[in-house]
Amino acid sequence: MLKGSVLKASSLNEAPLKYSVLKDWPELERPREKLVHLGPSSLSDAELLAIFLRTGVKGCHVVDLARQLLLSFGSLGAVFSASQEDFCARHGLGLAKYVQLQACLEMSKRYLAEKMRTSDCSLTSSQATRDYLLSELRFENREIFAVLFLDNQHQVLAFERLFFGTLDAAAVYPRVVVEQALKHHAAAVILTHNHPSGIAEASLADKQITNKLIQALQLIDVRVLDHIIVAGNQCYSFAEHNELPSFKGK
């Protein structure tokens, strides 16, 4: 993750400085036209943000404004996770753009949730599941423990955020998870939480939480299929690292 106010110039895809007005740029260097001809993956973070912003401010075209915002916030992820107050305080932004951004983010989450629900999620390493959990947790600046509740075909019933703050074995209550599993008539669950530090490893506390929840959920015949840690752009799977204790009686 990029920190502070330092961004590599290559990540910004600097356009020729001699063009002070966006409409004077060569067609394939304008973000919208570039996206149409080359696809969205060809655009830099600044170019994508410029399309969202639509217009610049006096003396600064929209791509330069996008670059300045990325430098100011530190990364695209920091723009997404900024508070309303911080976002609206920046030059060139405001409540209308904040609302638009939140709507875009929510649509992305709902699209990924729908994709996950309609795909075969019987494999805990399902890319659709990982994409959804990343969309939900990667930009959070505090730890959040959540659970995907699944039916006996391992299709998603619900996603619940249950615990917040610094998480350890004492801060995650098995009783609450069991109550929610019963509420949703779940047959299995995928546990998940985020590491705002960006370190994609399981801590001792993470392992203790997992063990406690497996023991509690097996009493109501609910399987723990995986515990997935979201850290930046990465996911750490207990199941894939053979760190998920066996479910007794199955």
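Student: How do strands S3 and S4 pair?
Tutor: In the parallel sense, over seven bridges. This is a predicted model. S3 covers residues 188–194 and S4 covers residues 223–231.

Student: Which residue stands opposite Val230 of S4?
Tutor: Asn194 does.

Student: Zoom out. In what order do the strands of the sheet run?
Tutor: The order is S2-S1-S3-S4-S5. That makes five strands in an open sheet. The pairing is mixed.

Student: Which strands stand at the edges?
Tutor: Strand S2 (156–164) and strand S5 (234–237). Each has a single partner strand, so one side of each has no neighbour in the sheet.

Student: And how many degrees are neighbouring strands turned against each other?
Tutor: 20 degrees on average, with direction ignored.

Student: What about helices? Which strands does H9 lie across?
Tutor: Helix H9, residues 174–183, lies across S1 (144–150) and S2. H9 runs at about 160 degrees to S2.

Student: How many helices and strands does the protein have?
Tutor: The protein has 10 helices and five strands.

Student: New topic. What share of the residues is buried?
Tutor: Of the 250 residues, 44% are buried, with under 20% relative accessible area as the cut-off.

Student: Last one. What share of contacts joins residues at least 24 apart?
Tutor: 58%, counted among contacts between residues at least 6 apart in sequence.

Definitions and conventions
Residues are numbered from 1 along each chain as its sequence is written. This is a predicted model: local features need pLDDT of at least 70, side-chain atom pairs count only at pLDDT 80 or more; totals for chains, interfaces and linings use all residues. Side-chain values use heavy atoms; hydrogens and water are left out. Two strands pair if DSSP finds at least two bridges between them. Helices (H or I, at least four residues) and strands (E, at least two) are DSSP runs, numbered from the N terminus. Axes are lines fitted to C-alpha atoms, for helices over the stretch in contact, and angles run from 0 to 180 degrees between N-to-C directions. Contact means heavy atoms within 4.5 Å. Buried means under 20% relative accessible area, exposed over 50%, partly exposed in between (1.4 Å probe, protein chains only).
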